[in-house]
Amino acid sequence: MGTERTGSAGRDVPGWAGHVYIGVSVDGYIARPDGDLEWLESRGAAAAEAGAGDLGYEAFMARIDAVVLGRVTYEQVLGFGDWPYGERPVVVLGSGGADADSPRVQWASSVSRAASLLEAAGVRHVYVDGGATIRSFLGAGMIADLVLTRVPVLLREGISPFAGVGPDVPLELVDVRSFPGGLVQETYRVAGPHAGTDRPRR
């Protein structure tokens with residue numbers, strides 16, 4: 001089991017760190033209002049054909065011990081066919097039960113329950129994915145860093161992983177990289193009282 005320590009705001013923080021790796025439009029949306037991702041998939045495919053590679057995703061996942069997803073994101077992943085997370089434990093944030101098709105999946109009805117499951121698993125680095133899930137973990141101070149790959153398009157409206165009521169979340173810019181196809185990847189460390197327990201990968 002991981003160990004807990006006291007964070008900068010005097011709260012207990014878990015012995016694991018949450019990490020975000022996600023594609024966004026220039027105006028910060030991860031999907032259209034109806035959840036459509038064609039704008040992202042088509043531009044990502046074009047960038048890959050132009051030589052962008054995997055944008056560092058494999059290197060990112062090489063350090064990941066577990067995954068937390070929202071229900072909607074989980075259902076999208078099931079539609080991919082191939083299970084992308086290998087033997088890593090997966091926690092789905094939402095109401096539900098054990099997934100008969102994937103015994104590695106556990107369900108959590110709250111962020112605190114998800115955190116308890118991850119703590120019990122003794123993991124160190126957790127990939128947090130899904131708009132509402134990212135918002136919840138940021139608000140709980142469980143995100144250490146974010147890798148945002150901006151796609152050159154303005155959606156003007158859509159699903160944001162960051163919009164919501166609450167205090168500012170200060171960030172420290174760690175790295176900026178450009179890729180073929182106009183993609184720009186920014187890596188940030190979460191600073192201040194919202195900070196997670198780990199440093200960002202360089």
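## What you're looking at

This is a predicted model, where local features need pLDDT of at least 70, side-chain atom pairs count only at pLDDT 80 or more, and totals for chains, interfaces and linings use all residues. Residues are numbered from 1 along each chain as its sequence is written, and side-chain values use heavy atoms, with hydrogens and water left out.

Where pLDDT is low, the predicted coordinates should not be read in detail.

## The overall picture

The protein chain has five helices and ten strands. Both kinds of element are DSSP runs, numbered from the N terminus: helices are H or I with at least four residues, strands are E with at least two.

Of the chain's 202 residues, 45% count as buried. Buried means under 20% relative accessible area, exposed means over 50%, and partly exposed is in between (1.4 Å probe, protein chains only). The chain exposes about 10,100 Å², with carbon and sulfur atoms supplying 51% of that; such areas come from the Shrake-Rupley method with a 1.4 Å probe, and for residues only the protein chains shown count as cover. Now take the contacts with a separation of 6 or more: 68% of them are between residues 24 or more positions apart.

Start with β3, residues 17–25. Nine of its nine residues are buried, so the rest of the structure largely encloses this strand. In a regular strand the side chains alternate between the two faces of the sheet. Here, Ala17, His19, Tyr21, Gly23 and Ser25 point one way, while Gly18, Val20, Ile22 and Val24 point the other way, and all are buried.

Who sits beside β3? Strands count as paired if DSSP finds at least two bridges between them. β3 and β7 run parallel, joined by three bridges, and Gly18 has Val126 as its bridge partner in β7. β3 also pairs with β8 (residues 143–151), again in the parallel sense, over eight bridges. Along that pairing, Gly23 stands opposite Thr149.

β10 itself is mostly covered, with seven of its eight residues buried.

β9 (residues 171–179) runs antiparallel to β10, and eight bridges join them. One of the paired couples is Leu171 with Val190 in β10. The hairpin of β9 and β10 has three residues between the strands, and Gly181 in it takes a positive phi near 90 degrees.

Which residues of α3 (residues 71–78) are buried? They are Thr73, Tyr74 and Val77. These cover an arc of only 100 degrees around the axis, which puts them on the same side of α3; the arc is that of the directions from the helix axis to the C-beta atoms. Their cover includes β4, β5, β6 and β7.

In α4 (residues 111–121), the buried residues are Val111, Ala114, Ala115, Leu117, Leu118 and Glu119. What covers them includes β4, β5, β6, β7 and α5.

## The cores

A nonpolar core is a set of buried Ala, Val, Leu, Ile, Met, Phe, Trp, Tyr and Cys residues joined through side-chain atoms within 4.5 Å. The largest one has 27 residues, and Trp16, Leu118, Val126, Phe137 and Ile143 have the most contacts inside it. Its largest share, five residues, comes from α4. A second, separate core of 20 residues includes Ala47, Val90, Phe179 and Leu183.

Back to Ile143 for a moment: this residue lies in β8 and is buried, with a relative accessible area of 0%. Ile143 and Val126 are 17 residues apart in sequence and 9.0 Å apart in space, C-alpha to C-alpha.

Conventions:
Contact means heavy atoms within 4.5 Å.
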